[in-house]
Amino acid sequence: MLIESQILHYSNLIVAFGPSSLFVGLYILTRPQLFVVSLASAALYLLSFATAAIIRLTVFPLQSNFLFLSVITVVSQEGFRLIYLKYYFLSRLRFAVINVNKVLYPLHDLPSSVAAGVAWGIANAIMIYGDV
């Protein structure tokens, strides 16, 4: 019975994380600019999660009120997403100035935004479902 449950567990992981893992392995990791974009996106998600946790622990009335906790978490995530977008656009402009080959390393295309979204989603899934 234990082997069947392990097989079921790993098959669920493959179904859930298979497409994003394939995209990360075959497309993001082979392009350095997409790797940096996804790494920055995941790092800022983790910072937003940590900021919300610190606010929850330091403000005593928020520890028992889950409505304000969810509002603080959403505001923190959206604030860090705006910070990410601001620095992404600044770095894209600076990278365009020093870029030797603009066709090889574009940062204003669909894969760049998908890489950022996939990294944000993978960091979210790990933080929420990682201990299950």
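Predicted model: local features only at pLDDT ≥ 70, side-chain atom pairs only at ≥ 80, totals over all residues.
Student: Hi! What should I know about the model and its numbering before I dig in?
Tutor: Residues are numbered from 1 along each chain as its sequence is written, and side-chain values use heavy atoms, with hydrogens and water left out.

Student: What is the mean pLDDT of the protein?
Tutor: The mean is 82, and 92% of the residues reach 70 or more.

Student: And which elements have the lowest and highest mean pLDDT?
Tutor: Helix α1 (residues 2-28) is lowest at 79, and helix α2 (residues 32-58) is highest at 88. Helices here are DSSP runs of H or I, at least four residues, numbered from the N terminus.

Student: Nice. Which residues form the nonpolar patch on the surface?
Tutor: Leu29, Phe35, Val36 and Leu39, with about 380 Å² of accessible area together. Such a patch takes residues with over 30% relative accessible area and no salt bridge, nonpolar side chains being joined within 5 Å; the areas come from the Shrake-Rupley method with a 1.4 Å probe.

Student: Changing topic: what lines the largest pocket?
Tutor: The lining includes Gln33, Val36, Leu44, Tyr84, Tyr88, Phe95 and Leu107. Helices α2 and α3 (66-98) each supply at least two lining residues. A pocket is an open set of points on a 1 Å grid over the protein atoms alone, where a 1.4 Å probe fits, with protein on both sides within 12 Å along at least five of seven lines; lining residues have an atom within 4 Å of a point.

Student: What volume does that pocket have?
Tutor: About 200 Å³, as the space filled by probe spheres set on the points.

Student: Okay, how many salt bridges are there?
Tutor: The count is 1, where a side-chain nitrogen of Lys or Arg must be within 4 Å of a carboxyl oxygen of Asp or Glu. Glutamate 78 pairs with arginine 81, the closest N and O atoms being 3.6 Å apart.

Student: Where do glutamate 78 and arginine 81 lie?
Tutor: Both are in helix α3, 3 residues apart, about one turn of the helix. Glutamate 78 is partly exposed at 38% relative accessibility, and arginine 81 is partly exposed at 33%.

Definitions and conventions:
pLDDT = per-residue confidence, 0-100. Patch = residues over 30% accessible without salt bridge, like charges linked within 9 Å, V, L, I, M, F, W, Y side chains within 5 Å. Buried < 20%, exposed > 50% of the residue type's maximum accessible area, 1.4 Å probe, protein only.
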